[in-house]
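Work through the exercises below with the sequence and the model side by side. Each task is followed by a solution in steps.

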Amino acid sequence: MVPDYQPNVPLIEVFLYGVLNPATIVVAFMLGRRADDKTKIMIAAFGGAAAGAALLYIVTFLRLWDAPTLGRAIAGVFTTSLIAGLVYAGIGYATKGWSGGQK
């Protein structure tokens, strides 16, 4: 009996799903703006990565577009989203004093 192999998932797809996920961008940025200390940026990045992975799971479950197979790609997407979320949260933290006259 021959094992049934899953199809390969292109790494560029995993990278793009992690970096350009709108849930990751919005959640990490907004949580970064609410952070009151630089050490909380990592927590904001984790929240963004979790939201991005959840959005990808829901979209794949509903088959709205051709997202990668979750069993093979979700860990890579989460890791990439965590690193990208760190950047987005850092930008949110850096720009939190720019709007509304807040100091």
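**Exercise 1. Two helices in contact**

In which hand of crossing does H2 pass H3? Describe the contact as well.

Solution. The model is predicted.

Step 1. H2 passes H3 in a right-handed crossing.

Step 2. The axes of helix H2 (residues 22-34) and H3 come within 7 Å and cross at roughly 155°. That angle makes H2 roughly antiparallel to H3, because angles over 145 degrees count as roughly antiparallel.

Step 3. On the H2 side, the contact is made by Pro 22, Ala 23, Thr 24, Val 27, Ala 28, Leu 31 and Gly 32. On the H3 side, the residues are Ala 44, Gly 47, Gly 48, Ala 49, Ala 51, Gly 52 and Leu 55.

Step 4. Sorted by class, the contact of H2 with H3 has 9 nonpolar residues, 5 polar ones and no charged ones. Gly is counted among the polar residues here.

**Exercise 2. The chain as a whole**

State how many helices and strands the protein has, and what share of its residues is buried.

Solution. 

Step 1. The protein has 4 helices and 0 strands. From the N terminus on, the order of elements is α-α-α-α.

Step 2. Of the 103 residues, 35% count as buried.

Step 3. Take the contacts between residues at least 6 apart in sequence: 82% of them join residues at least 24 apart.

**Exercise 3. Aromatic pairs**

Solution. 

Step 1. A pair of aromatic rings is described by the distance of the centres and the angle of the planes.

Step 2. Phe 46 and Phe 78 form an edge-to-face pair, at 5.6 Å centre to centre and with 80° between the planes. Phe 46 lies in helix H3 (residues 41-61) and Phe 78 in helix H4 (residues 70-94), so this pair ties together parts that are 32 residues apart in sequence. Phe 46 is partly exposed at 48% relative accessibility, and Phe 78 is partly exposed at 23%.

Step 3. The rings of Tyr 57 and Phe 61 have their centres 6.2 Å apart and their planes at 10°, so this pair is stacked. Tyr 57 and Phe 61 are 4 residues apart in helix H3, which means about one helical turn separates them. Tyr 57 is partly exposed at 47% relative accessibility, whereas Phe 61 is exposed at 62%.

**Exercise 4. Val 77 and its surroundings**

Is Val 77 buried or exposed? Which residues does Val 77 contact beyond its neighbours within four places in sequence?

Solution. 

Step 1. Val 77 is found in helix H4. Its relative accessible area is 0%, so Val 77 is buried.

Step 2. Leaving aside neighbours within four places in sequence, Val 77 is in contact with Val 14, Tyr 17, Gly 18 and Leu 56.

Step 3. Val 77 and Ala 49 are 28 residues apart in sequence, and their C-alpha atoms are 8.5 Å apart in space. Ala 49 is also one of the H3 residues in the contact with H2.

Technical notes. Residues are numbered from 1 along each chain as its sequence is written. This is a predicted model: local features need pLDDT of at least 70, side-chain atom pairs count only at pLDDT 80 or more; totals for chains, interfaces and linings use all residues. Side-chain values use heavy atoms; hydrogens and water are left out. Rings of Phe, Tyr and Trp (its six-membered ring) pair if their centres lie within 6.5 Å; planes under 30 degrees apart count as stacked, over 60 as edge-to-face and the rest as tilted. Buried means under 20% relative accessible area, exposed over 50%, partly exposed in between (1.4 Å probe, protein chains only). Axes are lines fitted to C-alpha atoms, for helices over the stretch in contact, and angles run from 0 to 180 degrees between N-to-C directions. Angles under 35 degrees count as roughly parallel, over 145 as roughly antiparallel, 65 to 115 as roughly perpendicular and the rest as oblique. A crossing is left-handed if the near helix is turned anticlockwise from the far one by less than a right angle, and right-handed if clockwise. Contact means heavy atoms within 4.5 Å.
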